[in-house]
Amino acid sequence: MIERVRANHTVRGGMRDRATAIDMRRGARAVCIVAILAIAFLFSGCASPRKMAINMVGNALAGTGTAFASDPDPELIREAVPFGLKLMEALLAETPEHKGLLLAVTSGFTQYAYAFVQPEADKLEDEDFDAAEAKRDRAKKLYLRARDYGLRRLELRHEGIREGLLKDPEGAVARVDKKDVPVLYWTSASWGAAISLGLDDPELIADVPAMQALIDRALELDEDYDAGAIHSFLIGYEMIRQGAEGKPEDRARRHFARAVELSGGSQAGAYVALAESVSVETQNKKEFNELLEKALAVDVDARPEWRLLNIVMQRRAQWLLGRSEDLFLE
């Protein structure tokens, strides 16, 4: 998750920008209509038609993520996402087994915490340690909220898997299949993020085998999921994984190479992940700077579906470059 979107002054670029703006307006209108309908149905009276209507609205709302992902304005999304997430939670109270909504809130809370809440804590740390800790605590709670929704989603297809993950992680994940990969990814991402912010919590640390089993199973079932998202996650995780063969740095670099290959080099996150985890750990400042410059060079308009993510990650790249003197010993 630098603060500018590249301008394109060619005729073709202008046509593309107008088309994108039209798509964004259509997406925004769709979200507004869905929200209005959802509120209306939540307060309507008839039980059966009401539930059917809520399911229809839930299906529509669960599919609005693309409109957010392609938006070039992180601040707008930051303000809009909480309403959308709370609306989905309200719908889930009415239809607790809606698979699409469960996956949407799992990914939504994870991304909101990672893109907007946790970075605030990092930036506050030097100025106000207590405020930074409060932000991190909030981010951890959001990650755990996301994890719990993800586990609920898994339970719908594999009853008892949550308890199984804590007793026999490898045996529990052996039951899942490729259809589960999106929820495996988002559940493990949120769980892993919560663990990283709760290193003083023995109960969370005890969850590491369960989280690891989820992400490893996802990699086994569909290693090219979402253009290398699993590999990007594992870049950082390999540096702290216990009991694996080979050097952590070598494993992380293999995941980085695959993430770049699968995304065509169009995702800034992989470069940031390698710089932040491996380059800092090995005190390779030259590589650190080169990787972050590559992240900043990614054209955020080349792949509209990754626009918001790339802008967020470019902001982090810029922030990390500004902290290089603190991260490296001369």
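**Exercise 1. Helix 14 against helix 16**

At what angle do helix 14 and helix 16 pack, and how far apart are their axes?

*Solution.* First, know the model. This is a predicted model, in which local features need pLDDT of at least 70 and side-chain atom pairs count only at pLDDT 80 or more, while totals for chains, interfaces and linings use all residues. Residues are numbered from 1 along each chain as its sequence is written, and side-chain values use heavy atoms, with hydrogens and water left out.

Step 1. Locate the pair. Helix 14 covers residues 268-281 and helix 16 covers residues 307-322. Helices are DSSP runs of H or I with at least four residues, strands are runs of E with at least two, and both are numbered from the N terminus.

Step 2. Read the geometry. The two helices pack at an angle of about 30°, and their axes are 9 Å apart. Axes are lines fitted to C-alpha atoms, for helices over the stretch in contact, and angles run from 0 to 180 degrees between N-to-C directions.

Step 3. Name the arrangement. That angle makes helix 14 roughly parallel to helix 16. The cut-offs: under 35 degrees is roughly parallel, over 145 roughly antiparallel, 65 to 115 roughly perpendicular, and the rest oblique.

Step 4. Helix 14 and helix 16 cross left-handed. A crossing is left-handed if the near helix is turned anticlockwise from the far one by less than a right angle, and right-handed if clockwise.

Step 5. List the contact. Helix 14 brings Ala268, Gly269, Val272 and Glu276; helix 16 answers with Asn310, Met313, Gln314, Arg316, Ala317 and Leu320. Contact means heavy atoms within 4.5 Å.

Step 6. Sort by class. The contact of helix 14 with helix 16 has five nonpolar, three polar and two charged residues. Ala, Val, Leu, Ile, Met, Phe, Trp, Tyr, Cys and Pro count as nonpolar; Asp, Glu, Lys and Arg as charged; the others, Gly among them, as polar.

**Exercise 2. Two further partners of helix 16**

Is helix 15 roughly parallel or roughly antiparallel to helix 16? Which residues of helix 5 make the contact with helix 16?

*Solution.* Step 1. Take helix 15 (residues 285-297). Helix 15 packs on helix 16 at about 150°, with the axes 9 Å apart. That makes helix 15 roughly antiparallel to helix 16. The crossing is left-handed.

Step 1. List this contact. From helix 15 come Phe288, Asn289, Leu292, Glu293, Ala295, Leu296 and Ala297; from helix 16 come Gln314, Ala317, Gln318, Leu320 and Leu321. The classes are eight nonpolar, three polar and one charged.

Step 2. Turn to helix 5 (residues 99-124). The axes of helix 5 and helix 16 cross at roughly 10° and come within 11 Å. Helix 5 and helix 16 are therefore roughly parallel.

Step 3. Answer the second part. Helix 5 uses Tyr114, Ala115, Asp122 and Lys123, and helix 16 uses Val312, Met313, Arg316 and Trp319. Five of these residues are nonpolar, none polar and three charged.

**Exercise 3. Burial, from whole to helix**

What share of the residues of the protein counts as buried? How many residues of helix 12 are buried?

*Solution.* Step 1. Start with the whole. The protein has 17 helices and zero strands. Of its 330 residues, 48% count as buried. Buried means under 20% relative accessible area, exposed over 50%, and partly exposed in between (1.4 Å probe, protein chains only).

Step 1. Move to helix 12 (residues 229-237). Eight of its nine residues are buried, so helix 12 is largely enclosed by the rest of the structure. Among the buried ones are His231, Phe233 and Tyr237.

Step 2. Find the cover. The cover includes helix 9 (181-197), helix 11, helix 13 (248-263) and helix 14.

**Exercise 4. Single residues**

Is Arg217 buried or exposed? Where is Ser70 found? What is phi of Asp226 near?

*Solution.* Step 1. Arg217 is in helix 11 (residues 208-221). Its relative accessibility is 14%, so Arg217 counts as buried. Arg217 touches Val173, Ala174, Val176 and Leu184, leaving out residues up to four places away in sequence.

Step 1. Ser70 is in the loop between helix 3 (65-69) and helix 4 (74-94). Ser70 is buried, at 15% relative accessibility. Its C-alpha lies 8.8 Å from that of Asp301, 231 residues apart along the chain.

Step 2. Asp226 is in the loop between helix 11 and helix 12. Its phi is near 50°, a positive value in a residue other than glycine. Most residues other than glycine have a negative phi. Asp226 is partly exposed, at 39%.
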